[in-house]
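Good morning, and thank you for the time.

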Number of protein chains: 4
Amino acid sequence: MKKYRVGILGATGTVGQRFCRLLEDHPQFEITALAASDRSAGKPYEEACAWKLPGRIPAAVRYIVVQPIEPPLDCDIVFSSLPSSVARETEEAFARASYPVISNSSSYRMDEDVPLLIPEINGDHVGLIEKQKENRGFTKGFIVTNPNCAVMSFAPPLAALHGRFGVEEVAVTTLQAISGAGYPGVASLDITDNVFPYIAGEEPKVEIEAQKILGRLGSNGIEKADFTVSAQCFRVNVVDGHTASVRVNLRETATLEEVVEAMRTFPSLDLHSSPARFIDVTNEPSRPQPKLDRDSGQGMTVTVGRVFPDTVFDYKFVALSHNTVRGAAGGAVLNAELLISKGLI
Amino acid sequence: MKKYRVGILGATGTVGQRFCRLLEDHPQFEITALAASDRSAGKPYEEACAWKLPGRIPAAVRYIVVQPIEPPLDCDIVFSSLPSSVARETEEAFARASYPVISNSSSYRMDEDVPLLIPEINGDHVGLIEKQKENRGFTKGFIVTNPNCAVMSFAPPLAALHGRFGVEEVAVTTLQAISGAGYPGVASLDITDNVFPYIAGEEPKVEIEAQKILGRLGSNGIEKADFTVSAQCFRVNVVDGHTASVRVNLRETATLEEVVEAMRTFPSLDLHSSPARFIDVTNEPSRPQPKLDRDSGQGMTVTVGRVFPDTVFDYKFVALSHNTVRGAAGGAVLNAELLISKGLI
Amino acid sequence: MKKYRVGILGATGTVGQRFCRLLEDHPQFEITALAASDRSAGKPYEEACAWKLPGRIPAAVRYIVVQPIEPPLDCDIVFSSLPSSVARETEEAFARASYPVISNSSSYRMDEDVPLLIPEINGDHVGLIEKQKENRGFTKGFIVTNPNCAVMSFAPPLAALHGRFGVEEVAVTTLQAISGAGYPGVASLDITDNVFPYIAGEEPKVEIEAQKILGRLGSNGIEKADFTVSAQCFRVNVVDGHTASVRVNLRETATLEEVVEAMRTFPSLDLHSSPARFIDVTNEPSRPQPKLDRDSGQGMTVTVGRVFPDTVFDYKFVALSHNTVRGAAGGAVLNAELLISKGLI
Amino acid sequence: MKKYRVGILGATGTVGQRFCRLLEDHPQFEITALAASDRSAGKPYEEACAWKLPGRIPAAVRYIVVQPIEPPLDCDIVFSSLPSSVARETEEAFARASYPVISNSSSYRMDEDVPLLIPEINGDHVGLIEKQKENRGFTKGFIVTNPNCAVMSFAPPLAALHGRFGVEEVAVTTLQAISGAGYPGVASLDITDNVFPYIAGEEPKVEIEAQKILGRLGSNGIEKADFTVSAQCFRVNVVDGHTASVRVNLRETATLEEVVEAMRTFPSLDLHSSPARFIDVTNEPSRPQPKLDRDSGQGMTVTVGRVFPDTVFDYKFVALSHNTVRGAAGGAVLNAELLISKGLI
């Protein structure tokens with residue numbers, strides 16, 4: 001099989017490193033270009049990068065010389081994990097230069113003509129791409145995005161419920177991992193023996209992204225799902241894995257069994273990075289736990305547990321996903337696989 | 001001033017140790033008796049007790065010989081931090097033997113004739129004691145209790161709001177410290193790099209205690225406050241300090257300023273262990289934090305922050321209190337001080 | 001290939017769980033019997049076991065009914081991770097009942113006729129088995145052991161140096177992971193925001209095992225290596241991976257390059273669980289680190305770094321290995337593979 | 001009593017904050033000036049400073065406007081916790097401008113005419129100040145320093161042994177707290193579930209400072225103590241409190257009792273910040289521990305435990321001190337108190 005040649009924007013960061021790891025033995029992609037800030041440009045990746053994932057730097061990228069973050073790059077598509085401060089301008093430049101841009105940044109997520117994709121939920125939203133090209137005068141290039149890592153932990157069970165019973169209101173409190181802030185990110189003095197009750201800009205993202213993800217693609221673009229989300233976001237002392245404490249009101253009556261069933265049977269896809277189960281529902285009282293469940297399905301499965309009727313809402317549950325795999329690099333890779341399967345790359 | 005002679009039931013446990021520390025230089029109390037399980041009885045406290053608080057065992061208790069947990073004990077009142085499995089029977093035996101029992105256990109909290117006290121909120125509930133004596137045939141002894149440590153973190157701001165605007169619904173997600181489980185308590189393998197989504201028996205307690213605490217004492221006992229609480233309880237990797245993510249619906253309209261004002265001006269008392277401020281409201285975006293705020297007011301202040309209008313509820317906020325001080329031993333000591341001030345001991 | 005049928009003694013513990021994981025897809029072994037304490041016996045493994053490793057219980061063992069820890073068991077060989085209190089008697093009973101016993105317990109490690117094996121270092125010590133059978137009247141069964149998990153982190157570089165230059169004195173300070181104490185093991189209150197300076201019985205083990213491991217098998221058994229080891233052992237807040245701070249005096253002069261070369265070129269074996277490199281020497285100043293290096297070689301590689309001349313000793317370095325893989329279950333599995341390759345099973 | 005007016009150089013950093021806390025109710029000092037980098041200058045302290053110590057910013061400094069780090073400052077003496085990159089030049093400028101400079105920086109520690117002080121050990125080294133003034137042409141100002149925070153944990157027991165038996169060789173492995181690196185300092189991703197085996201520049205400091213501290217002041221300056229120190233330095237996941245694993249060879253024979261006695265009876269001083277015990281020797285097998293012992297003597301006591309004969313050295317022990325109190329701000333404050341008591345300020 002011919003492999004697509006991939007460039008990574010923001011290659012030295014935490015998510016950039018995760019891309020390098022995930023694509024190490026990927027049958028459809030090979031990394032041919034790494035781009036990072038001026039400080040890194042011109043150095044071999046192993047010198048430019050303070051590698052922070054278990055194990056050593058993958059051999060395939062170790063000696064690639066890091067380039068500035070601007071087109072052209074020697075590749076067919078680009079994965080972007082740029083900080084939002086530079087993402088907006090740079091990603092557009094790449095799209096304009098005919099690269100499909102698979103972005104993990106927040107810059108374009110809420111733009112009306114940009115798909116905010118979770119392939120198992122709203123793969124049809126790639127239908128926005130045509131309009132995006134027209135709107136923006138892109139010829140071959142375009143931009144697709146994946147959701148905020150905290151949203152990724154609860155949007156899947158929400159999608160399962162919304163499709164069957166209609167979701168009306170959601171209150172979510174997140175307990176987020178330190179890797180979500182990148183490197184150096186969270187100071188150890190801020191999180192050892194501590195909980196940090198504030199993540200800049202996070203609560204608004206968590207409150208708006210799910211409605212677009214679960215929205216319906218119509219002739220006028222995405223019609224957002226009509227539920228309201230309340231978010232309180234905390235950083236806790238966990239390396240990887242965002243946990244969400246979720247309460248939900250449904251539009252239609254549903255029994256506990258129906259609620260569990262809707263989640264458990266929500267289908268996965270048949271893409272290379274798709275997990276055997278998209279949503280794994282456990283009935284062990286002390287699961288999900290980040291340490292035990294984040295790597296489920298190679299980090300691509302969302303685990304749900306403690307599903308119970310609630311006193312104030314209809315139901316409550318706990319959801320967990322791996323924030324730098326499913327919630328970042330892995331989600332983007334799956335998006336790219338989806339685009340290939342649909343002939344859009 | 002004459003000092004009351006105090007006995008500690010469950011003296012070797014985490015909360016028992018905290019009692020010893022808090023009473024070290026207390027002007028109204030001196031420890032004269034320590035009682036613990038058969039395994040410890042007969043040994044000097046320093047041998048019986050695996051001391052886990054910073055510093056060494058207070059000199060005043062080091063050589064006290066631990067006694068079995070049964071009356072008589074050489075003291076005027078007893079503080080109890082017994083595990084609930086034995087608390088019910090044992091505390092009754094002490095009350096029947098004429099000891100005022102200031103209990104931190106859950107056994108009697110919801111009994112109709114037992115006060116569940118937070119002195120700043122419902123000190124008048126000591127009015128139940130007379131009836132309790134009648135009901136149970138106690139002559140001089142009686143039982144009063146303090147709330148569950150997680151409830152203690154959010155009941156105070158709730159009381160402030162309930163008194164002014166009426167509380168209708170509450171959704172609380174707790175991030176609880178490991179000291180709340182005693183010693184050895186939480187295994188390090190369960191909480192290092194992890195969140196534990198289950199605390200046995202905790203969610204039901206959190207859902208029922210606040211209504212009694214905020215209830216009104218009438219001629220037929222406590223008329224519970226008519227709001228509903230939803231609880232999801234998590235253990236996180238923090239030594240001391242329970243954090244609560246709270247959302248609340250009010251019966252009357254209130255502006256953000258009124259909400260903050262109601263909390264900020266809720267009065268403290270003038271007892272020895274009363275903090276200068278009962279509720280400290282901060283507007284720093286990243287407070288409260290357990291590490292920075294748990295010791296506020298010598299651990300007796302509840303800190304509230306991140307008070308904002310909510311998308312699903314009326315308001316949301318974060319509340320924090322020291323679980324083994326205000327939420328356990330310190331709360332019990334304050335209860336004893338209240339009883340003295342009211343002439344009930 | 002015919003698979004050997006394996007029984008696990010102490011199957012529900014931390015190391016027992018690790019055995020189940022490591023043997024999940026092993027080409028030479030299949031688990032056919034699980035044995036644990038009376039409390040567990042009679043229950044299916046998934047009920048008897050509080051599974052603490054990432055992911056779910058392997059399907060192959062989930063429904064195996066746990067048996068009491070006594071022969072006979074339906075298997076060809078047994079792996080033992082029994083607590084030392086019961087290991088001595090029980091392991092002998094199995095050996096006497098004709099089972100090869102591959103033990104991770106400390107009970108027999110220092111017995112003169114029992115091999116203390118690290119296959120890459122002293123595979124020839126299996127020569128003791130014949131004598132052991134004679135001594136103890138075993139017919140087919142026998143006992144082999146693997147070292148203490150802390151010893152495993154520094155014995156390999158020591159072996160590399162001893163073979164080339166002769167080791168004279170060793171001072172080792174260990175920073176050991178919490179998983180080394182099993183479950184529930186270390187209380188979170190003892191290790192969160194803390195260092196624990198004492199591990200019961202550990203320093204003596206660390207001071208005596210290496211001399212036997214690096215000893216020479218002669219006609220009178222093992223002639224121990226003639227160096228002295230000083231040990232100070234600490235528990236630190238790390239899940240997996242023991243780090244050792246090592247200083248060493250050599251009998252012959254050696255340059256830094258020769259020292260590094262001796263470690264780097266120390267050969268691995270060709271057994272199924274052998275890592276590509278037995279000793280991986282890094283020159284990155286901030287490696288080895290437990291989080292980044294413990295899983296090297298699927299947890300079977302020992303990583304060495306910060307090799308420098310020392311002011312008091314000849315050289316100092318830092319060594320690290322995965323305590324529940326290479327230092328426990330993985331080491332035992334490698335021992336079994338060695339025994340098969342030598343025709344002893 | 002007249003209070004000395006104090007300026008803090010580097011006031012917004014971790015150690016600067018600790019100075020503000022320690023001087024909050026000090027009978028001899030009041031803070032009248034705060035200086036920090038250009039970024040902070042001109043702002044009130046509460047705005048310039050990301051306060052990271054428990055509790056709120058002390059009221060006395062909250063509104064002091066931060067000034068640039070250059071003389072003149074409105075104060076009698078300055079405490080410096082400047083990063084070493086700027087300390088050398090700046091501290092000289094203040095000394096030249098007639099300020100006594102009590103420095104916590106490493107810049108001048110090893111200069112021949114600058115005292116490196118631990119008052120209980122070498123208070124007479126202030127005799128260097130006269131010579132320093134001559135050498136450098138200072139009129140009234142001068143510089144004194146306190147040791148590296150890791151050295152502070154083991155120099156006191158070493159001093160006790162050196163004075164009685166003569167120390168010949170020392171091997172020390174440190175387990176250092178994250179607060180030692182300042183804020184933001186150690187990234188949480190580098191230390192959660194991890195040990196970091198490298199602290200830039202630390203091992204050389206640990207290997208040279210003790211000889212000067214324990215040296216003898218003669219007519220030609222300090223004659224260094226003639227022992228050798230070997231250091232391996234690790235960062236561990238502890239907030240405050242450096243632990244040292246120490247082995248020592250003595251020049252004269254000493255029994256274990258004599259060794260313990262020498263440490264236990266080493267006298268404290270009678271200065272305001274002097275702890276009741278300078279060295280507290282414990283015989284509890286699992287002490288010292290950072291969490292339990294760092295605050296001993298308000299953080300000014302050094303705790304020693306696990307004193308045993310060693311197999312390679314004469315003795316081994318574990319020593320612990322609070323790195324940002326005794327090992328930084330508190331040590332500097334004690335130095336200032338010493339200078340006052342000697343009439344040098």
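Predicted model: local features only at pLDDT ≥ 70, side-chain atom pairs only at ≥ 80, totals over all residues.

Three cavities of 30 Å³ or more are found, where a cavity is a set of points, on a 1 Å grid over the protein atoms alone, at which a 1.4 Å probe fits but cannot get out. The largest cavity holds about 50 Å³ of space; a volume here is the space filled by probe spheres set on the points, and grid points are joined across faces, edges and corners. Residues are numbered from 1 along each chain as its sequence is written, chains are lettered from A and ligands numbered from 1 in the order in which they are written, and side-chain values use heavy atoms, with hydrogens and water left out.

I turn to the interface of chains B and A. Contact, meaning heavy atoms within 4.5 Å, involves 48 residues of chain B and 48 residues of chain A. The buried area, that is, the accessible area (1.4 Å probe) that two parts lose on being put together, summed over both, is about 3,800 Å², with carbon and sulfur atoms giving 53%. Eight salt bridges cross this interface, a salt bridge being a side-chain nitrogen of Lys or Arg within 4 Å of a carboxyl oxygen of Asp or Glu. One of the salt bridges in the model pairs Glu207(B) with Lys316(A), at 3.6 Å from N to O. On the side of chain B that touches chain A, the residues divide into 23 nonpolar, 12 polar and 13 charged.

Next, chains D and A. Here 15 residues of chain D are in contact with 15 residues of chain A. These two chains bury about 1,300 Å² between them, 64% of it on carbon and sulfur atoms. Ser188(D), Leu189(D) and Thr192(D) supply 40% of the area that chain D buries against chain A, more than any other three residues. Two salt bridges are counted between chain D and chain A. The side chains of Lys52(A) and Asp190(D) form a salt bridge at 2.6 Å, N to O. The side of chain D that touches chain A has eight nonpolar, five polar and two charged residues.

Over all chains the count comes to 80 salt bridges. Lys52(A) lies in the loop between helix H2 (45-48) and helix H3 (59-62) of chain A and Asp190(D) in helix H8 (188-191) of chain D, so this pair joins two chains. Helices (H or I, at least four residues) and strands (E, at least two) are DSSP runs, numbered from the N terminus.

Finally, the backbone. Most residues other than glycine have a negative phi, and most peptide bonds are trans. A cis peptide bond, with omega about 0°, joins Tyr183(A) and Pro184(A), and Pro184(A) sits in the loop between strand E6 (167-176) and helix H8 (188-191) of chain A. Another cis bond, also with omega about 0°, links Pro71(D) and Pro72(D). Gln298(B), although not a glycine, has a positive phi of about 50°.

Definitions and conventions
Nonpolar A, V, L, I, M, F, W, Y, C, P; charged D, E, K, R; others polar. 1 Å grid on protein atoms, 1.4 Å probe; cavity = no way out; pocket = protein on both sides within 12 Å on 5 of 7 lines; lining within 4 Å.
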